[in-house]
Amino acid sequence: MERNYLVVDIGTGNSRVALVTSTGAIIDMDSFENVYHRDTLYEDAQYFVPSDWKKRIMEGCKKVIGNHKDLKISGISASGARETIVCYDENGDDFLGLPNIDNRGAKWMDEIPEKSYVYEKTGRWCTEDFPAAKLMGFRKMHKEEFAKIKKMTSLSEWIGEIFTGNIVIEPSMACETQLYDIDDMKWSEKICGFFKIPMEILPEVKCAGESIGKITKKISDELGIDEDAEFIVGGADTQLAAKAMNVKVGDICIVSGTTSPVVTILDKKYYDDKERCWTDLNLGGKTYQVETNPGVTGNNFQRFKKVMFPDTSYPELDEILAKKKDFVCTATFSSLNFTQRKSLKKGGFVMRAPFPQNMDLGDFALAVLSDVACSIYLQYQNLKEMIPNSNDYILGCGGGFKQKYLCHAIADLTGKELMMYEGFDQATVLGCVKLLNEYFGIDNKESTSAPLVYKPNNDPDSLIERYFHEWRINRNILNP
């Protein structure tokens with residue numbers, strides 16, 4: 001029997017609410033931009049107001065449900081951007097959101113001892129990127145507000161609390177806090193002590209695909225959903241996207257969105273003594289996801305396109321790019337030299353002086369997309385150096401792959417076929433659908449349509465190969 005689901009997908013830059021069937025067909029969707037605020041007590045700190053985000057999420061839910069009042073919704077689930085948390089006070093009110101783009105803990109990272117131990121146990125470098133450091137930084141400058149925190153959870157499980165009133169966290173999100181021991185599969189009292197985080201604020205861990213309860217009467221009345229609808233735990237957006245694409249142990253997958261993690265799935269924990277990767281827990285904590293990441297990629301192109309090509313469709317822009325036989329500038333906007341654990345602080349366009357006479361906006365678009373492709377390719381190389389892979393294909397998913405030029409560039413650079421399955425651009429939503437189907441006992445049928453395949457041209461003198469050589473030189477000049 002076909003069922004209907006409501007899925008909330010909270011990203012970094014944008015979020016969306018989708019009404020979708022158990023077959024994966026998206027009936028309706030509402031998208032909106034996330035709003036952040038600066039905390040001027042720090043050099044680089046941002047936060048969001050959960051009540052404001054909640055209001056917009058509920059508006060999106062009402063909109064898609066209101067457009068299809070005759071449909072019965074059986075289940076709800078959510079995916080969320082990683083490294084972001086929501087904090088609750090003693091009354092159970094969500095009063096503070098600390099996003100992945102918040103770096104308020106950077107000033108005090110030298111206070112943390114045994115950084116190698118933290119990496120070994122959590123699979124992550126001891127840096128300001130993770131909620132452990134964000135909470136530490138919040139305590140330093142907001143002591144009274146920090147004392148108000150009685151519980152915290154991740155973005156995806158925050159949505160679960162909104163619908164059910166129950167606070168839990170999924171293993172794929174728990175490991176993102178840098179307070180969870182991925183060996184012992186429990187919160188680490190020792191690491192919490194390093195960051196001076198009280199363990200009582202950490203929630204119960206519940207696996208993806210499990211129910212945390214039926215929706216509250218308040219939500220039922222507000223949205224017009226039957227009270228017997230259940231909320232099924234989702235998890236981290238990257239892991240959910242990989243689930244949607246059927247990424248199996250040994251596969252490599254590029255999940256291209258705001259950032260573009262290059263991941264592989266292993267059945268045993270991987271530890272790199274050079275600390276060149278992150279080792280994440282996969283959904284449910286039964287397998288591991290090893291990751292390298294070029295940092296911000298998709299957001300760079302989206303912002304560029306919004307300013308320079310606001311009325312140009314993806315196919316139209318691909319037509320412009322296809323006519324380019326050479327490049328006249330390179331771009332550097334990705335934000336991480338991942339394996340060296342360094343942020344790339346300077347970016348821009350590099351070209352020969354004086355300003356090229358024959359240059360147009362298409363040349364800038366080519367440079368920005370090529371920067372994304374080259375940044376991803378470097379991380380692919382780094383991952384293969386640690387974990388050799390002989391597959392003749394790479395899997396891809398995420399909205400970043402809407403631009404065909406990027407797909408061709410990655411296939412050419414890697415020398416591998418880039419394969420994407422139906423729904424690749426809505427992978428996080430479809431990952432939630434698969435979890436909901438498993439809970440309700442519905443078979444997740446494999447897509448009968450052939451995958452979209454981009455074959456490498458194996459030309460050492462191709463445009464992207466020439467660009468890559470120049471790009472590496474120019475990026476090193478900007479970021480010595």
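Analyst: The account below takes up helix 11 and then turns to two further sites, a buried arginine and a cavity.

The model is predicted. Helix 11 covers residues 314–322, and its buried residues are Leu317, Asp318 and Leu321. Viewed along the axis of helix 11, these buried residues lie within an arc of 105°, and therefore they line one face of the helix. On the face of helix 11 turned away from the buried side are the exposed residues Pro315, Glu319 and Ala322. The packing partners of the buried residues of helix 11 are three helices: helix 10 (298–308), helix 12 (361–386) and helix 13 (404–414).

Arginine 276 is situated in the loop between strand 18 (262–266) and strand 19 (278–281). Its relative accessible area is 15%, and because buried means under 20%, arginine 276 is classed as buried. Leaving aside residues up to four places away in sequence, arginine 276 touches Tyr119, Thr292, Phe338, Thr339, Glu385 and Met386.

The largest cavity holds about 30 Å³ of space. Its lining is formed by Glu83, Thr84, Ile85, Pro131, Ser154, Met173, Glu176 and Thr177. By residue class, the lining of the largest cavity comprises three nonpolar, three polar and two charged residues.

Methods: Residues are numbered from 1 along each chain as its sequence is written. This is a predicted model: local features need pLDDT of at least 70, side-chain atom pairs count only at pLDDT 80 or more; totals for chains, interfaces and linings use all residues. Side-chain values use heavy atoms; hydrogens and water are left out. Helices (H or I, at least four residues) and strands (E, at least two) are DSSP runs, numbered from the N terminus. Buried means under 20% relative accessible area, exposed over 50%, partly exposed in between (1.4 Å probe, protein chains only). Contact means heavy atoms within 4.5 Å. On a 1 Å grid over the protein atoms alone, a cavity is a set of points where a 1.4 Å probe fits but cannot get out, and a pocket is an open set with protein on both sides within 12 Å along at least five of seven lines; lining residues have an atom within 4 Å of a point. Grid points are joined across faces, edges and corners, and a volume is the space filled by probe spheres set on the points. Ala, Val, Leu, Ile, Met, Phe, Trp, Tyr, Cys and Pro count as nonpolar, Asp, Glu, Lys and Arg as charged, and the others, Gly among them, as polar. The arc is that of the directions from the helix axis to the C-beta atoms.
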